[in-house]
Amino acid sequence: MSQSGTDGRPARFDVRAAAAAAIVFGALSGGAETQQGGKPSGDGLSREALDDRPSSTVHIPAPTRTKAAPVAKPDEKPTPAAPKTEAAPPAPKVEATPPAPEAKAAEGAAPAPKPAAAPGPGLFSPEEAQALRTEVDARLKALAPASEGGEAKADADPSAKLASKALGDVLEDRRRRLDDYDKLTKDLAGLASPENDPERKLAEANAELADLQRRSEQPVEALMPTIFAQDGPIDQAGRTQMKEAIEGIAKDVKAYQDKLESTPAVAEKEAKGPLADLKAERDRIAQGIAAIKARADGKDAAAPPRSAADRKLAEEKAVNLRVEAAVENLRLQIVEKKIARTAKQVEIAAADRKRWIARVKIGNKTLEPMQKRFQRLSDEDEKDLQRKAKAEQSKASIAQDAIERYRAERLGELLDLEAQVVRAEQAAVVAMEPSLVDMTTQANIAQANFQRIKVLVEESNLSRVDVLSINADYRRIDPERKRIRREERDAVDKRLRDYTNMLAGVELNQIEDRLLDQIDLDDLLDKLPVARHEAATGVWRDLEDKHSALLERRRTALKNLVGDQQEVLDAIDRRLATLDDESSFIRTHLFWVRDQDPISLSTMTVAAGELRRLTRASIGLAGEAITPTGWKRTAPEFLAASAVILALPLGIVRARRALKRRLAQCLPAPEAATGGELKVDMKPVVHQG
């Protein structure tokens, strides 16, 4: 559609061009209406919502939109359009003006709803984002081919098809960016959720740490369970409760020690890499935001398009630029929150380590007196059981009835077995030296020391004190390894073998003792009349049930002992392996560690001093050698050694000549061709075939 060459001549009217323009403009506008009543448009943020932006975000004002023509349905034929004049150039960008007083009064008349949370700088409100998505979906649906088979009509105008395709690409790009915006909005909401708030976690950790520090200052009697404060006799249920309390505290101490072992001692070093990556990503996003702003400024400074279709497409691209800026601003906010969260996680990790250390300290503080109390009770039980066993044996020796004698003998044996069970259960509850806690702590210390040396050597930032410390560690490692093997590992290994053999014996007894008890029952029944067989069988069954229960208790206690000693042995072996690795590492890097200043002008001064001292020492030695008063009596051993040294070359020469003469006598006479002289090669070369 065009005008004539001069303004005075009437404009020519083209029906097909007018119809195509109507279709294109209708599709571009999407049937959108003008904004009314202060509602946000589907294009995105209004100018009032984009005020007061910080400098780190991009504020791209909404482009001015022309009123769109009505959309022509695909089934209808295009109607002739009225003659059009040349489109006016786009209005220049103006700043947002405050609303009119009448609008303010109208707004104040109705009760305003509770405003939602304001979006962040450079972002859309939820209503604006939803309006943008609704608009782009509707417009893409309107641009889709409506003919059967999904193909456009063949008689469509090529210029309209190109304009429609360009608009579809712009809208598809906007929808993809809106998808990214929605996903990033969910990520930002997850980072800002109260349950993931690092400040709350840090406050909880500090509060728990303060409580633990307060408890650690209390007397140990206030930290132990009340059952351990009883002075009188304690029944079996109370002792079971004491045993469970000791095992629970020991398990907690070990769990916290495992946490201390599995986490780095210095969280700042572990967070240095992720923080550097996040800051690099933040810089990259900031550069992208600056590039978007430069593109927006370049479009504002550029000359406006001439045709209405180009102006419309430029407006749509400007909307896409605003959406792109919002997406990048959202990414920037997410990265900023991750940086703050990572930095806060360092503080949380430090507070957690302090909490774990305090819990281990309190656990060890209460565990030792609790174990001693339980050990005293176990010793009393063991002595009481042994006393009862002797009484039953004495009773069996004087009993006349066969059943009573059998009962007393078996009770004495079971009481001895129960004493062994009590001893095994006590050993499983009460820590033995070397204990698992101590060996795990020593292994962790050795690992931390090795890591410190590796960091010092690999960073090549060694002072003279560090070098001396590394040399001292290297000299200490070998004696320490020998001591650990001699005093700690051998003792634990012996206990582990003993408990393993005892466990194997108990498991065999569970299989064999029932057969032996059956033989004892048969012997007892042979000694009794038939009328007393039932009574004897009942006594045997009760004692057999008690025997099986005691064997099972002892098997459980020994199994726990074997597991505990195996863990102690593993901790010792881990410590030894760490010391071996540390020794190999220091030995490998020892010659590459610089423990003196490099060669420089000061080295010449040191060399001159050393040369002077060497000269004075040489002159002193020479003076002592030529002074007879300083000579001492020559020892016979020295004279003998000197004689041997002087005579040895002469003896070798004489032996060589004698061997040469004997060889000459054994060889045939020389021929005339050789001049009558016999030559003997004392260093023959033997060729190997």
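Visitor: Is valine 220 buried or exposed?

Guide: This is a predicted model, in which local features need pLDDT of at least 70, side-chain atom pairs count only at pLDDT 80 or more, and totals for chains, interfaces and linings use all residues. Residues are numbered from 1 along each chain as its sequence is written, and side-chain values use heavy atoms, with hydrogens and water left out. Buried means under 20% relative accessible area, exposed over 50%, and partly exposed in between, with a 1.4 Å probe and protein chains only. The relative accessible area of valine 220 is 18%, so valine 220 is buried.

Visitor: Which residues does valine 220 touch, not counting those up to four places away in sequence?

Guide: Valine 220 lies in helix 6, residues 220-223. With contact taken as heavy atoms within 4.5 Å, valine 220 touches Lys365, Thr366 and Pro369.

Visitor: How many helices and how many strands are in the protein chain?

Guide: Helices (H or I, at least four residues) and strands (E, at least two) are DSSP runs, numbered from the N terminus. By that count, the protein chain has 15 helices and zero strands.

Visitor: What percentage of the residues of the protein chain count as buried?

Guide: Among contacts in the protein chain with a separation of 6 or more, 87% are between residues 24 or more positions apart. The chain has 689 residues, and the part of them that counts as buried is 31%.

Visitor: Which residues is leucine 524 in contact with, leaving aside neighbours within four places in sequence?

Guide: Leucine 524 is one of the residues with the most contacts inside the largest nonpolar core. Outside its sequence neighbours, its contacts are Ala402, Ile403, Tyr406 and Ala536.

Visitor: Are helix 10 and helix 13 roughly parallel or roughly antiparallel?

Guide: Axes are lines fitted to C-alpha atoms, for helices over the stretch in contact, and angles run from 0 to 180 degrees between N-to-C directions. Helix 10 and helix 13 pack at about 15 degrees, with axes 9 Å apart. That angle makes helix 10 roughly parallel to helix 13. Under 35 degrees counts as roughly parallel, over 145 as roughly antiparallel, 65 to 115 as roughly perpendicular and the rest as oblique, and so the term for this pair is roughly parallel.

Visitor: How many nonpolar, polar and charged residues has the contact of helix 11 with helix 13?

Guide: These helices pack at an angle of about 20 degrees, with their axes 9 Å apart, which makes helix 11 roughly parallel to helix 13. Ala, Val, Leu, Ile, Met, Phe, Trp, Tyr, Cys and Pro count as nonpolar, Asp, Glu, Lys and Arg as charged, and the others, Gly among them, as polar. For helix 11 with helix 13 the division is twelve nonpolar, seven polar and six charged.

Visitor: Is the crossing of helix 4 and helix 9 left-handed or right-handed?

Guide: The axes of helix 4 (residues 158-191) and helix 9 come within 9 Å and cross at roughly 20 degrees. A crossing is left-handed if the near helix is turned anticlockwise from the far one by less than a right angle, and right-handed if clockwise. The way helix 4 passes helix 9 is left-handed.

Visitor: What is the C-alpha separation of glutamate 316 and arginine 174?

Guide: Glutamate 316 is found in helix 9, and at 0% relative accessibility it counts as buried. Arginine 174 is 142 residues away along the chain, and the C-alpha separation is 9.1 Å.

Visitor: Is the peptide bond from glutamate 433 to proline 434 cis or trans?

Guide: Proline 434 is placed in the loop between helix 10 and helix 11. Most peptide bonds are trans. The bond from glutamate 433 to proline 434 has omega near -5 degrees and is cis.

Definitions and conventions
A nonpolar core is a set of buried Ala, Val, Leu, Ile, Met, Phe, Trp, Tyr and Cys residues joined through side-chain atoms within 4.5 Å.
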